[in-house]
Amino acid sequence: MRFATWNVNSVKARLPRLLEWLAATKPDVLCLQETKVGAEAFPSAEVAELGYETAAYGQGRWNGVALLSRVGLSDVRRGFDGEPGYPDPEARAISATCGGIRFTSIYVPNGRTPEDPHYVYKLAWFAGLRAALAQSSGPAVVAGDFNVAPTDDDVWDPGVFVGATHVTPPERRALADLRELGFTDVVPRPMKGDRPFTYWDYRAGMFHQNKGMRIDLVYATADVASAVRDAVVDRDARKGKGPSDHAPVVVDTDPGSVF
DNA sequence: ATGACGTATAATATACGA
């Protein structure tokens, strides 16, 4: 199986690139984030022409997540039990069973700054996600924009991030709490350079200088993680005219593995 | 060259992103 995660930063604005990428990469399952459309406006018909079923969860202007699958898509759940909101729950998580694996596409709250109420919300959201995942069992993949760089090696210059969100000990603790549930961080290889960054700010030529962050993560249960044969950041998708500021992470499991 | 911010909206400025 090939599965992937990609923060597309608006599925409407990215639709031509998304369709081109799907046709070329052919993932069996794709976790999308920041679709920025309501479920009714998701381009389901367009991706259906490429053989994909869609489950979308959106609220219009902000957030929005979706799952695309060509290996089945069942038991769709939007959000999760006990999900915190700001104050109301936002479209940040969607789950479905595809090819025997329970996939969850997540877009974790940004947090803005460690002093901001959104930072408290971010940590509460992680805690809620952890509690919900603790209630489930079986092969699972939680993939998406975690908005946390797991280590200092996952940002281009730790000095720049002193006092900033995405690198604080409580945020990294939230990731560790998920791993303690039995999830493995499937670290991809970079296509180029020494570190597998997945996000580069649009501004000031950050991509071209490889000043990025690894914040798009794939967390897999042991059965799935042990079947992984390759994982890569598709930085080609960050190139050219009109890219998202995030690159997809593409994971291949052993063809002999059945879940 | 990958090439110097982008997306969305009750819009011509503002919120948000990380």
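Select Lys 26 first: setting aside neighbours within four places in sequence, it touches Arg 2, Trp 21, Tyr 52 and Arg 70 (contact means heavy atoms within 4.5 Å). You're looking at a predicted model, where local features need pLDDT of at least 70, side-chain atom pairs count only at pLDDT 80 or more, and totals for chains, interfaces and linings use all residues. Residues are numbered from 1 along each chain as its sequence is written, chains are lettered from A and ligands numbered from 1 in the order in which they are written, and side-chain values use heavy atoms, with hydrogens and water left out.

Lys 26 sits in the loop between helix H1 (15-25) and strand S2 (29-33); helices (H or I, at least four residues) and strands (E, at least two) are DSSP runs, numbered from the N terminus. At 44% relative accessible area, Lys 26 is partly exposed (buried is under 20%, exposed over 50%, partly exposed in between, with a 1.4 Å probe and protein chains only).

Next, jump to helix H4, residues 169-180. Its 12 residues reach 16 Å from first C-alpha to last, close to the 16 Å expected at 1.5 Å a residue (the expected span is 1.5 Å times one less than the number of residues). Colour Glu 171, Arg 172, Ala 174, Leu 175, Ala 176 and Leu 178, which are buried. The buried residues of H4 pack against helix H3 (117-134), strand S9 (183-185) and strand S10 (216-221).
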